[in-house]
Amino acid sequence: MSGAAKFSYAISLRVHHPGIDPAEITRELLIEPTGSWAAGSRRQTPAGTLLEGFRKETYWYVKLLAPQEGPSPQPYLEEALAEVVARLGAFREFFG
């Protein structure tokens, strides 16, 4: 495809919930998160400095596809999204 613009993208899954244990999300999805915290846990900066207050909800996220660098082009977005949907489709009851 000559003349096509170069593009990049990232695909992440982010789960917000009022109180589920982030470890349960990890067990159910069989994916280690990029980051997470539990509802009710103390707020803190990414460096670990404690802040005032507590988390109001559980947050769990994982980078499913990061932008590619180098000579290999990323798959077209439609293909990448279809792959992610197929991968997560096995867990539809969990997301239900």
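Where does Glu69 lie? Glu69 is found in the loop between β5 and α2, where helices (H or I, at least four residues) and strands (E, at least two) are DSSP runs, numbered from the N terminus. The structure is a predicted model, in which local features need pLDDT of at least 70 and side-chain atom pairs count only at pLDDT 80 or more, whereas totals for chains, interfaces and linings use all residues. Residues are numbered from 1 along each chain as its sequence is written, and side-chain values use heavy atoms, with hydrogens and water left out.

Glu69 is exposed, with a relative accessible area of 77%; here buried means under 20% relative accessible area, exposed over 50%, and partly exposed in between (1.4 Å probe, protein chains only). Between the C-alpha atoms of Glu69 and Phe95, which are 26 residues apart along the chain, the separation is 32 Å.

The strands β1, β5 and β2 form an open sheet of 3 strands, in that order and with antiparallel pairing; two strands are taken to pair if DSSP finds at least two bridges between them. β1 and β2 are the edge strands, each pairing on one side only. On average, neighbouring strands of this sheet are turned by 10° against each other, direction ignored. Axes are lines fitted to C-alpha atoms, for helices over the stretch in contact, and angles run from 0 to 180 degrees between N-to-C directions.

The antiparallel pairing of β1 with β5 extends over 7 bridges. Within it, Ile11 stands opposite Leu65 of β5, and Thr58 of β5 is the bridge partner of His17. β2 and β5 also run antiparallel and are joined by 3 bridges; Ser36 stands opposite Trp60 in β5.

Thr58, in strand β5, is buried, with a relative accessible area of 1%. Its side chain reaches the backbone oxygen of Ile20 at 2.6 Å, a polar contact being a pair of N or O atoms within 3.5 Å; within protein, one must be able to donate a hydrogen and the other to accept it, and residues adjacent in sequence count only if both atoms are side-chain atoms. With neighbours within four places in sequence left aside, the residues in contact with Thr58 (heavy atoms within 4.5 Å) include Val15, His17, Pro22, Ile25, Trp37 and Ala39.

Ala39 itself lies in the loop between β2 and β3 and is partly exposed, with a relative accessible area of 29%. Apart from neighbours within four places in sequence, Ala39 is in contact with Pro18, Gly19, Arg55, Lys56, Glu57 and Thr58. Ala39 and Gln74 are 35 residues apart in sequence, and their C-alpha atoms are 36 Å apart in space.

Helix α1 spans residues 22-29, and Pro22, Ile25, Thr26 and Leu29 are buried in it. Viewed down the axis of α1, these buried residues fall within an arc of 100°, so they line one face of the helix; the arc is that of the directions from the helix axis to the C-beta atoms. An α-helix has 3.6 residues a turn, so residues three or four places apart point the same way. The buried residues of α1 pack against β1 (11-17), β2 (35-37), β5 (58-65) and α3 (92-95).

Just after α1, Leu30 takes a positive phi of about 60°, although Leu30 is not a glycine. Leu30 lies in the loop between α1 and β2 and is exposed, with a relative accessible area of 71%.

The largest nonpolar core has 15 residues, and those with the most contacts inside it are Leu13, Leu29, Ile31, Trp60, Leu64 and Leu88. Such a core is a set of buried Ala, Val, Leu, Ile, Met, Phe, Trp, Tyr and Cys residues joined through side-chain atoms within 4.5 Å. At least two residues of this core come from each of β1, α1, β5 and α2 (77-89). Not counting residues up to four places away in sequence, Leu64 touches Ile11, Ser12, Leu13, Ile31, Val84, Arg87 and Leu88.

Ala47, in the loop between β3 (42-44) and β4 (50-54), is exposed, with a relative accessible area of 75%. A distance of 22 Å separates the C-alpha atoms of Ala47 and Ser12, which are 35 residues apart along the chain.
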